[in-house]
Amino acid sequence: MFSLTALPDGFHENPYPAYAALREDMPVCLQSDGSVILSRYEDLDLVYRDTALFISDKKAVFGPKYGVGSPLYEHHTTSLVFNDPPLHTRVRKVMVGAMNPRALAQMEPGLIELVDNLLDQMQAKGSVELIEDFAGAIPIEIIGNLLGIPRSERGPLRGWSLAILGALEPQLTSEQEEWGNSAVTEFKAFLRHIIDDRSANPGNPETDVLTRLMQDDSDGGLTEVELYQNCIFILNAGHETTTNLIGNALALLDQHHDKRAELQSKPDLIATAVDEFLRLESPNQFGNRLTTEDVTLHGHTIPAGTDIHLCIGAANRDPRQFDRPDDMLLDRRPNKHHAFAGGPHTCVGLTLARMEGKIAVSRFLNRFPNYQIADGAKRGGRIRFRGFAQLPAQV
C-alpha cells in the first residue's frame, strides 16, 4: 500500500516506480485518513472536467489542517486555485486579461534581457548554483513586474512562497505550519504599502495585474482579503512551478547528452521540448479535489466528501495516454499532459510559463553548450512539488 505519509526509500529522487505501481495495481489508492489517490490519466481528465462532482473548495479539508481563522487557512481558502465560481471566475477573468498575447509580447524583450544578464553573471563566476542564480531568479522578476513590486523589495518573496506552498504537503510539521503562517502574515503586511501606493497611483491595467485586480468591479469587486490573498497566490503559482520547470529541464538535459545535442542541433524543437520536460518531470506532482457525491471508479466507491489526491506525476507517464512514456521525445506530438491541470482550472499562466521556459533553456544552451551538473544536487524534498533545492553546475 502506497502512503503519502510513509514514502518508500528513494522516493524523492525517483518517484516513478511507485507511481507506476499505483497506476497498474492501485488506481484508486485509499489513504489512512480516508483520502484517495488517483493516478491514471483518464481519471484525472474526468476529475478536471467534472466540476460539479469534483470541487476545488477545500474549506472542509483545510479547517482541520490549519485551524479555521489561521493565516494559512485564510490564504488557501481564498486563493484562486482552491475556489470554485463565482470567485474563481472573477479572479481568473482578470488574470487572463492581463496575460493576453499583446501583453506577453510586450514582456518578451524584458525577459530576454533578464535572462541574458543572469547568464552574464554566471559566465563571470564559472561555478554556479542554477536554482539561486538562474531558475529561481527569473519568475521572481517576472511576477514582481506583473504586480509592480519595486525591484529593491523583492528579496523576501521566494522564501515566503516556499513557506506557504510547503504547508500544502500531505504531512505537516509544526515548524512548517509556523513558517507558513508567518509567511502569509508578513506577505500581507508587505503588500499593504504596495496596494496603498497603487490606490493613489494606478498602473497601466493592460500590463499591471494588481491594478486590474483593484479596478475590477464585477459582482462588487474583490474584498480586501480576496485581493491580498490572490496577490500572494499569483507569486506562489508562477514562481515555484516555473523555477522547477527550468531547473528540471537543465537537469534532464545533463542526464541525456544525446537529447541535449539534438536540441542544440535543432533549436526549433524548443517549444515541444519544454512540454516534454513538463510531462516527464511535472513541477506540480499533485493536485486536489473534493467529491460532492458518491462516485465509483475501477470498482471502488468513493464517498461524498472525500479528499482526492490527483497524482499528476503518475498520469503524465501513463502508457495508456503516452507512447514510450518514460522516454524523452523532444518532438512529441500530441502531448496533452496534465502539468497545467485541466478543465476550468487549467493554469492561467501556462503561456507565460512556456515562454519563460523556452527563452531560459534555449539561451542557456546557446551560452553554455557544455555545462555540467556538479556534485551536491539536492531535490526539494517535497511530495506536491518536484524540483531542486540546489543544483550546482560548472558552466
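Modeller: Let us begin with burial: a residue is buried under 20% relative accessible area, exposed over 50%, and partly exposed in between, with a 1.4 Å probe and protein chains only. By that rule Tyr19, with a relative accessible area of 1%, is buried, and Tyr16 is buried at 10%. The model is a predicted one, in which local features need pLDDT of at least 70 and side-chain atom pairs count only at pLDDT 80 or more, while totals for chains, interfaces and linings use all residues. Residues are numbered from 1 along each chain as its sequence is written, and side-chain values use heavy atoms, with hydrogens and water left out.

Colleague: How many aromatic pairs does the structure contain?

Modeller: Rings of Phe, Tyr and Trp (its six-membered ring) pair if their centres lie within 6.5 Å; planes under 30 degrees apart are stacked, over 60 edge-to-face, and the rest tilted. The count comes to 13 aromatic pairs. One of them joins Tyr16 and Tyr19 edge-to-face, at 5.7 Å centre to centre and 80 degrees between the planes. Helices are DSSP runs of H or I with at least four residues, strands are runs of E with at least two, and both are numbered from the N terminus. Because Tyr16 and Tyr19 are 3 residues apart in helix 1 (residues 16–25), about one helical turn separates them. Phe364 and Phe368 also form an edge-to-face pair, at 5.3 Å centre to centre with 70 degrees between the planes, and both are buried.

Colleague: Which residues form one aromatic cluster with Tyr16?

Modeller: Phe2, Phe11, Tyr19 and Phe286 share that cluster with Tyr16. A ring may also carry a charge over its face, when NZ of Lys or CZ of Arg is within 6 Å of the ring centre and within 35 degrees of the ring normal. Arg317 lies over the face of Tyr16, 3.6 Å from the ring centre, and Arg279 over that of Phe322, at 5.1 Å.

Colleague: Is Arg382 buried or exposed?

Modeller: Arg382 is buried, at 16% relative accessible area, in the loop between strand 10 (378–379) and strand 11 (388–390). Contact means heavy atoms within 4.5 Å. Not counting residues up to four places away in sequence, Arg382 touches His12, Leu162, Leu165, Gly166, Glu169 and Glu240.

Colleague: How many disulfides does a search of the whole structure find?

Modeller: A disulfide is a covalent bond between the sulfur atoms of two cysteines. The criterion is a pair of cysteine sulfur atoms within 2.5 Å, and the search finds 0. Cys231 is in no disulfide; the sulfur of Cys347 is 17 Å from the closest cysteine sulfur, that of Cys231, and therefore too far for a bond. Cys231 is buried at 1% relative accessibility, whereas Cys347 is partly exposed at 28%.

Colleague: Where does Leu147 lie?

Modeller: Leu147 lies in helix 8 (residues 137–147) and is buried at 3% relative accessibility. Leu147 and Cys231 are 84 residues apart in sequence, yet 7.7 Å apart in space, C-alpha to C-alpha. Beyond its neighbours within four places in sequence, Leu147 has contacts including Ile194, Arg198, Cys231 and Ile234.
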